[in-house]
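I opened this entry to record what I looked up in the structure. The notes follow the order in which I checked things.

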Amino acid sequence: MTFEGSLPLPWQDGNADIDVPALFGLLDSAPDAARSARDLALALRYASARTRGFAPPESGTAPLHVRHAQVVLETAVEWRMPEVERWAVAWLTASRLPHLRMRWSSRSRDGRVRLDGRASGGVQTMAGCREGICLGTDTGEVEAWTPDGGTTRAGAMREAVWTVAANQDWLFAAGAHAHSWCRGPGGGSPWPELPHAAGVSAAAVSAEGLVVCGDERGVIRVCEPGGRWAGLPVRRPSKVVAVAVAAGWIRVAWKDGWTAVLVRGGGGWHVHIEHGLGGTVGCAAWAADGRLAFALDGDASVRVLDAGAVRTAWLHHGVRQMVWSPDGRLATAGADQHVRVASPVSGTEPDELGAESRITALAFASDRFLVTAHGRDLVQWDMARSGSDDPTFQAADEITALGLAPDDRGLSAAGTLLGLLWQYDARGVASQWTPAHTPGAVHQLVRHRGGWLVASQGGAYWWRPPEIPRQLSNRLCLAVAVWRGRAVFGRNTQLVRQDDDGQTTVWEFDAPVRDIAVCADRSLAALDHNGTVVVLGPDGQPWVHEEAGDRLLAHLPEKKLLMLAAADPVATVLSPRGSQRYAWLRPGAASVVANDRGELVAAYPDKGVVVFGQADAGTRGEPVVVSEVPGQFSVVAAASERIIAAGRGRVAGYDRSDPREVPEAPGTVMLRVAAEGSDFCRISFPGGAGALLPAAKLARLQRDAGGDGVKALSDAVHLGGQLGDQLWFAGLDREIDRARGEAPERPVRLDWLIEEGPLVDHPWELLHPSTAPLTWFASPPVTMVRVVTASCGRTARASSGQHTGRPRMLVVRTDDPLLGRVDDAYDQMRRRTRRSSVRLVSSMPQVVRTTADLDRTLVEADIVHLWAHSGRGGVVLPLEARPVPVADMAHCIAATGPRLVILVGCSSAALGREIVRRGVEAVVGMRTAVYSHTVQPLVEELTAHVLAGVPVDLAFAEALRHYVLTGQPGAPAVPLLHLLAGSNGSLFPPTDHT
């Protein structure tokens with residue numbers, strides 16, 4: 001295996017089915033400073049454990065290593081690991097198989113790092129142990145969970161595990177009929193089987209191996225290692241809810257609200273203290289220091305008994321799980337599916353964690369890690385990391401509908417069982433924290449007129465955030481659609497069209513309308529609960545298909561209509577002449593939709609999201625799996641190349657990616673910029689995708705970027721982030737993934753081909769994702785160059801490495817006093833570039849005052865620096881009556897045959913473009929005003945890196961970093977790099993000299 005940057009690339013031998021255990025060893029040997037390697041190891045361990053918890057790959061499915069990579073990617077997105085995210089995308093690309101590239105997850109907004117996993121059965125009890133967590137399941141399995149993620153089998157019982165106790169290497173488990181399992185430090189069984197009695201409801205073990213357990217009848221028993229079980233002289237006719245044991249004492253709490261402390265002495269155990277809690281106890285937990293946390297039935301107060309006094313710690317409704325951490329913090333899990341954690345004596349507000357489903361068990365793996373169980377599912381929370389409110393959905397309000405905006409790649413929406421409506425942007429962030437509401441469960445969401453059509457139990461609605469949903473009908477609505485620009489919806493048994501002047505009933509069914517679909521040929525179909533399908537063809541003539549089915553799917557590419565039959569998992573093409581099978585699916589799908597490619601996308605609670613292709617003529621019932629991602633999903637939506645899916649209280653966004661379409665030599669993305677009328681500017685990507693940016697906002701960006709104050713620059717960067725979001729979310733992020741290919745650390749160059757006119761002066765270099773740094777300063781950088789086509793028919797040399805001999809460098813300046821410091825800068829540059837084998841045309845900058853001086857000075861050179869006052873009209877020479885026109889100056893410079901020209905002069909970008917048109921490969925000019933003393937670091941760094949063989953765009957990015965540090969207002973938007981069409985940016989051969 002080899003490393004690129006800080007991460008290995010094991011697929012570079014051409015085999016993406018990598019040896020994961022060997023990769024663990026390689027990552028574990030990485031230096032401590034390699035944070036990305038530690039992150040990758042953590043994500044891989046988690047993925048290994050999680051993929052074991054899902055259904056095994058079936059016939060026709062993606063290989064296991066692709067499923068593994070999908071989970072690594074999901075982990076990286078949710079835990080904010082950008083290096084691991086790029087690495088996982090590169091691994092998926094190396095597989096050369098279609099896959100679903102996760103873009104966002106609504107769960108990743110919580111800043112706290114978390115691990116997910118699965119146990120072999122429903123988890124009913126947990127306790128902290130040396131490995132991390134010991135857990136017992138309803139299948140009788142006893143397992144261990146480690147903070148690195150993943151479960152391992154420790155043992156098994158003959159019945160469901162009701163309670164586990166752990167202390168260091170001592171483990172004890174018991175169940176409903178007093179069956180027990182145990183393990184000591186040496187691996188043996190230190191305690192005998194419990195006498196047959198009532199079910200064990202609580203247990204504890206000391207560091208010396210003394211185990212104590214209480215049962216449903218209130219009996220307490222103890223046993224030493226190698227000894228026999230003995231009853232204690234204390235009993236109440238009530239279930240034991242909590243016990244604790246240490247050297248010399250035992251603490252017990254019963255459900256009827258009484259507690260007791262027993263001490264050892266005189267050859268036995270004696271009751272030392274008894275205390276009443278004042279009611280029936282719902283749950284309780286003893287701390288190591290003797291404090292008791294408890295909650296009474298019907299009371300929202302979480303109380304703590306300390307030294308005989310009871311005080312309220314905080315309020316938490318319906319607490320049924322609580323546990324103490326080793327350092328004295330208390331965690332409670334309530335009916336609201338939230339966990340609250342704090343020190344009861346600190347007086348601070350408890351930290352709150354949002355779960356997605358009912359919590360069945362709770363335990364601390366250490367002071368740092370808290371583990372919650374949700375049936376078979378486990379979630380580990382890193383309490384050392386700061387968290388944030390996570391507006392995911394709870395089990396009582398599951399997501400029941402999803403919608404995608406086909407006209408805006410950045411928008412999606414979700415509806416819930418209780419009628420809440422949320423809208424997400426392309427990062428998975430809710431656009432409003434207070435959701436809209438409809439009466440009853442949401443069944444469907446469809447984009448319409450800048451808002452959403454909503455089908456809900458309480459009727460049909462049109463919702464445009466942040467407005468209140470507007471009711472279209474108050475009768476049961478299960479389906480909505482947009483047909484010929486009009487809203488259509490089910491109004492119980494009626495199919496209704498919403499017109500400007502009212503509503504028109506299109507068809508009357510015998511049962512409630514269940515689904516509506518619209519085809520590319522503008523035909524409309526509706527399905528009722530009896531399975532009857534009515535289709536209104538393009539000519540408006542109806543035909544009826546009475547073969548029972550339960551779902552209609554619009555299949556746009558071939559202008560067909562699909563129905564998923566209820567009898568078996570098969571998609572059928574409907575037509576007036578009959579039906580024929582189209583594709584087979586795996587049974588058990590909770591939701592199925594069609595995408596624009598004619599594929600069916602299905603969500604499964606146990607398999608994840610699966611994309612099915614059309615069945616071949618020779619297949620007999622075997623599903624054709626295009627791609628899949630493991631997970632637990634119940635709802636899915638698809639539009640264009642996008643997929644969003646929901647399940648377990650979260651929404652996740654994916655792109656459908658096909659690595660076979662990735663070019664062999666990725667690294668650049670071409671962006672074409674042109675005016676779209678007077679109000680918009682269109683930026684197009686390869687393949688025809690693109691974004692429309694408002695001309696007014698671009699004009700404001702140009703104005704702010706030209707300001708001298710910090711506020712103007714701040715406003716420009718903020719606006720650049722907003723416009724950049726539109727650009728990235730319109731598909732540029734996908735093109736960057738494609739350009740990186742199998743190399744996660746490969747820089748990507750954006751080639752901007754800009755239509756002549758006002759657009760060329762816009763500060764496109766400020767466009768960036770709002771949640772990321774300016775592209776130049778990202779790692780790896782996304783560089784930007786302005787591509788110019790030569791008017792003379794000249795193209796860039798095929799390989800800059802063919803340059804022979806030492807490059808020649810010429811520096812020219814005028815004699816303006818403000819440029820006097822250029823001589824000092826030139827002297828510093830001479831010292832730095834001396835080892836770069838560059839030949840200096842002269843020992844000092846050449847001073848020019850007239851056009852004649854310029855003609856004599858501009859001799860043949862590979863690199864030319866021109867320091868002079870300039871403007872849109874040309875370059876100012878001190879003894880000339882008017883500026884030298886741009887065309888004349890460009891002709892003079894280009895005639896000397898340089899490969900790189902750096903123009904240090906205000907508004908010299910137009911001159912730079914003209915020089916490139918005349919065949920010069922790379923030119924740096926200034927978009928607006930520039931100060932010579934602050935731009936010196938940029939000139940020096942750019943020259944040194946280019947001479948060392950660094951591609952000019954990367955050299956420019958590095959130089960820009962130094963330039964920004966000078967404090968020049970608007971610095972990132974001032975220098976512009978122009979490149980000749982066809983250039984790869986490598987101007988000089990690589991060298992070891994810098």
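In which loop is P780 found? I am working from a predicted model, and there I find P780 in the loop between β61 (748-754) and β62 (782-788). I looked at this proline for its peptide bond: the one from S779 to P780 is cis, with omega near -5°.

I then noted another cis peptide bond, which joins P465 and P466. Its omega is about 5°. I place P466 in the loop between β37 (459-463) and β38 (470-473).

Next I turned to backbone phi. R449 is not a glycine, yet I read a positive phi of about 50° for it. R449 lies in the loop between β35 (442-448) and β36 (451-456).

I find S640 in the loop between β55 (635-639) and β56 (642-647). With a relative accessibility of 37%, S640 counts as partly exposed.

Helix pairs came next. I took α9 (residues 886-894) and α10 (residues 909-917), which pack at an angle of about 50° with their axes 9 Å apart. The two helices are therefore oblique to each other. I logged their crossing as right-handed. Which residues make the contact? From α9 I list V886, A887, M889, A890, I893 and A894, and from α10 A910, L911, E914 and I915. Sorted by class, this contact has 9 nonpolar residues, no polar ones and 1 charged.

I stayed with α9 to check burial. Its buried residues are V886, M889, A890, C892, I893 and A894. What covers them? The cover includes the helices α8 (851-857) and α10, and I also noted the strands β66 (863-867), β68 (874-875) and β69 (900-904) as part of it.

For α11 (residues 932-947) and α12 (residues 952-964) I have an angle of about 150°, with the axes 8 Å apart. That makes α11 roughly antiparallel to α12, since the cut-off for this class is over 145 degrees. I recorded the crossing of α11 past α12 as right-handed. On the α11 side the contact is made by T934, V935, P937, L938, E941, L942, H945 and V946. On the α12 side I list V952, A955, F956, E958, A959, L960, H962 and Y963.

Last, I wrote down the values for the whole protein chain. How many helices and strands does the protein chain have? I count 12 helices and 71 strands. The C-alpha trace spans about 115 × 80 × 50 Å along its principal axes. Of the 994 residues in the protein chain, 59% are buried. I also looked at contacts between residues at least 6 apart in sequence: 53% of these join residues at least 24 apart. The protein chain exposes about 38,400 Å², and carbon and sulfur atoms supply 49% of that area.

Notes. Residues numbered from 1 in each chain as written. Predicted model: local features only at pLDDT ≥ 70, side-chain atom pairs only at ≥ 80, totals over all residues. Heavy atoms only, no water. Axes fitted to C-alpha atoms, helices over the stretch in contact; angles between N-to-C directions. Helix = DSSP H or I, 4+ residues; strand = E, 2+ residues; numbered from the N terminus. Parallel < 35°, antiparallel > 145°, perpendicular 65-115°, else oblique. Left-handed = near helix turned anticlockwise from the far one by under 90°. Contact = heavy atoms within 4.5 Å. Nonpolar A, V, L, I, M, F, W, Y, C, P; charged D, E, K, R; others polar. Buried < 20%, exposed > 50% of the residue type's maximum accessible area, 1.4 Å probe, protein only. Areas by Shrake-Rupley, 256 points an atom, 1.4 Å probe, with all protein chains shown as cover.
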